[in-house]
Amino acid sequence: MTIKRRPFQKVYRYWLLFLTVILLVGIFFRFVNLERKVYWHDEAYTSLRISGYTKTEFVQQVFDGRVIDVDSVQKYQRPNPEKGVIDTINSLAVDDTQHPPLYYVIVRLWVQVFGNSVTATRSLSAIISLLAFPCIYWLCLELFESPIIAWTSIVLLAVSPLHVLYAQEARQFSLWTVTILLESALLLRAMRLGSKQLWRIYGVTVALGLYTFLFSGLVAIAHGIYVIAIERFRFTKTVKAYLIATSAGFIAFIPWIVIIIYNLDQIDRTTASAQARLSISSLVSTWITNITYLFADFWRYEPFFPDLDFPGLRWGRFLTPLILILVIYSFLFVYRHTAPRVWLFIFTLSGVTALALILPDVMIGGKLSVRARYVMPCYVGVQLIIAYLLATQIFSANLINRKFWQLIIVILIAAGVLSCGVSSQAETWWNKGSHANPQIARIINKTKNPLLISSNNSLNIGDLMSLSHLLNDKVHMQLLIEPNMPQVPDGFSDIFLYNPSKVFQSKLEKIYKLNSAYKRGRLWQLEKKTD
């Protein structure tokens, strides 16, 4: 649908100026305080891949009971002359096959040039995220043939808390968002023009998507359903071109497919935590919450700013039902007011990914669908329909209707800006693990000559790598593989125990008195028994 320009050209120009300013604000939030939030468990594993060491090598060489300094842990989170790019790929192939290597190779090369600080490592994701703006603009032009819808979609993307959070994270999800948008825009253009060259490029983007994240296969399937449906289930030239291009993309991915098949047991062990069953009510509640986070999340400040008494922000949680109503209405509006080629594209892009993750979680148990980063194609679809609804209504001929929808978009943008502003000052946020590490590091760093003892219990390996970025140089560590027990040397002013297993803790309690130094048993302070 093309929006016709109406007599109020001045309003139109002011609106574009407003959108440009908001875009600049969104870019600012992608780069402000890049180092502030905790470099959490998953990001620490990104750095382990950068180093080229495998998890097994790291554990064998560090968790051996020796007293080491913090740099001995950080050594395995930066490039070194002993390991190259091939070792980075091998580390993923051995330990983390479900994560294809494209992003990790790029970030490895990036930190070799710009350094391996938290800011430098995360800055790659922030820069990649900027490519999403021209990509979503192009996608909207192909889909809606309207610059104002394209601009509206850019602005919603710019101040989306969810997209800003992943633009500041040393993981592949900002790159995945770009590949989803680029692949989709190329598909629509190739279908429209029928160019063999465009279909070849589309095949390349299919391969790039697969080498970025495995769930890109769902995007390709969604595109296939769309192409076949638009062609009315006939084997036309367009269907043939899609099949050839997509097949070429998957053929290019065969080397990694072979590695995946060879390492299925490892993938099953690594993803075991995602198989915990959640109740239907918990699943539904989290799906709704994640959709809300596309537009606002500022009311989540309380766990991260415990000393901030600002009850006004808490009222923001009442935006959740309003945003849900807006999303549902937008789907209905797009269905009623656009041609099948438009609404069917958005519905398949959103629906295939959502159903592929939701159905297994509901039927056999799991929680993949509640991890917002895995459902990115669905969220892209949601933002497209919201952009269409708002852009078509803010220039409506009906004055009351126009003012109402202008108010809605201002509220959404204001909520996004407020959310990004609050989040930018936080040490951690809802999308990250390792929440306790900043406070734990402060407790340990306050002491004169501390020793930190821990083991390979639970998620400790990644969390300890994360913690190493927050600890002072004076801190020493003694790490062990359970059931080995530490031989604690003398000479340390304070001895801390980090997240022990119950067995590990009970054995130490025979020798030491354990005083809780941080809530939930994450950190204990050891005091030798005198009796």
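Arg 232 sits in the loop that links helix 13 (216–230) to helix 14. In this predicted model, its phi is near 60°, a positive value in a residue other than glycine. Arg 232 is exposed, with a relative accessible area of 65%. On the helix 13 side, Ala 229 belongs to the helix itself. Ala 229 is partly exposed, at a relative accessible area of 25%. Between the C-alpha atoms of Ala 229 and Val 239 there are 9.8 Å, for ten residues along the chain.

Ser 458 is placed in the loop between strand 2 and helix 24. Its relative accessibility is 57%, so Ser 458 counts as exposed, the cut-off being over 50%.

The bond from Glu 482 to Pro 483 is cis, with omega near 10°. Pro 483 lies in the loop between strand 3 and strand 4.

**Helix pairs**

Two packed helices are described by the angle between their axes and the distance between the axes.

| Helix pair | Axes come within | Crossing angle |
|---|---|---|
| Helix 11 (173–193) and helix 12 (196–212) | 9 Å | roughly 160° |
| Helix 14 (237–252) and helix 15 (254–262) | 5 Å | roughly 55° |
| Helix 19 (319–337) and helix 20 (340–363) | 9 Å | roughly 145° |

Take helix 11 and helix 12. Their axes cross at roughly 160°. That makes helix 11 roughly antiparallel to helix 12, and the crossing is left-handed. From helix 11, the contact draws on Leu 175, Trp 176, Thr 179, Leu 182, Glu 183, Leu 186, Leu 187, Arg 189, Ala 190, Met 191 and Leu 193. Helix 12 answers with Leu 198, Trp 199, Ile 201, Tyr 202, Thr 205, Val 206, Gly 209 and Thr 212. By type, the residues of this contact are 13 nonpolar, four polar and two charged.

Helix 14 and helix 15 cross at roughly 55°. Helix 14 is therefore oblique to helix 15. Phe 250, Ile 251 and Ala 252 of helix 14 make the contact with Ile 254, Pro 255 and Ile 257 of helix 15. The contact residues divide into six nonpolar, no polar and no charged.

Helix 19 and helix 20 have axes that come within 9 Å and cross at roughly 145°. On the helix 19 side, Phe 331, Val 334 and Tyr 335 take part. They meet Trp 343, Ile 346, Phe 347 and Ser 350 in helix 20. Here the count is six nonpolar, one polar and no charged.

**Helices with a buried face**

An α-helix has 3.6 residues a turn, so residues three or four places apart point the same way. Two helices can be read with this in mind.

Which residues of helix 3 are buried? They are Phe 58, Val 59 and Val 62. Seen down the axis of helix 3, these residues fall within an arc of 95°, so they line one face of the helix. Their cover includes helix 2, strand 1 (67–69), helix 4 (71–74), helix 24 (460–468) and strand 3 (476–480).

Helix 23 (residues 437–445) has Asn 437, Pro 438, Ile 440, Ala 441, Ile 444 and Asn 445 buried. They cover an arc of only 160° around the axis, which puts them on the same side of helix 23. What do the buried residues of helix 23 pack against? Their partners are strand 2 (450–455), helix 24, strand 4 (494–498), strand 5 (512–518) and strand 6 (523–528).

Gly 52 is found in the loop between helix 2 (41–51) and helix 3 (55–62). Is Gly 52 buried or exposed? Gly 52 is buried, with a relative accessible area of 2%; the cut-off for buried is under 20%. Beyond residues up to four places away in sequence, Gly 52 touches Glu 57, Lys 83, Asp 87, Thr 88, Ser 91 and Arg 108. Gln 112 is 60 residues from Gly 52 in sequence, and the two are 13 Å apart in space, C-alpha to C-alpha.

Key
Residues are numbered from 1 along each chain as its sequence is written. This is a predicted model: local features need pLDDT of at least 70, side-chain atom pairs count only at pLDDT 80 or more; totals for chains, interfaces and linings use all residues. Side-chain values use heavy atoms; hydrogens and water are left out. Helices (H or I, at least four residues) and strands (E, at least two) are DSSP runs, numbered from the N terminus. Buried means under 20% relative accessible area, exposed over 50%, partly exposed in between (1.4 Å probe, protein chains only). Contact means heavy atoms within 4.5 Å. The arc is that of the directions from the helix axis to the C-beta atoms. Axes are lines fitted to C-alpha atoms, for helices over the stretch in contact, and angles run from 0 to 180 degrees between N-to-C directions. Angles under 35 degrees count as roughly parallel, over 145 as roughly antiparallel, 65 to 115 as roughly perpendicular and the rest as oblique. A crossing is left-handed if the near helix is turned anticlockwise from the far one by less than a right angle, and right-handed if clockwise. Ala, Val, Leu, Ile, Met, Phe, Trp, Tyr, Cys and Pro count as nonpolar, Asp, Glu, Lys and Arg as charged, and the others, Gly among them, as polar.
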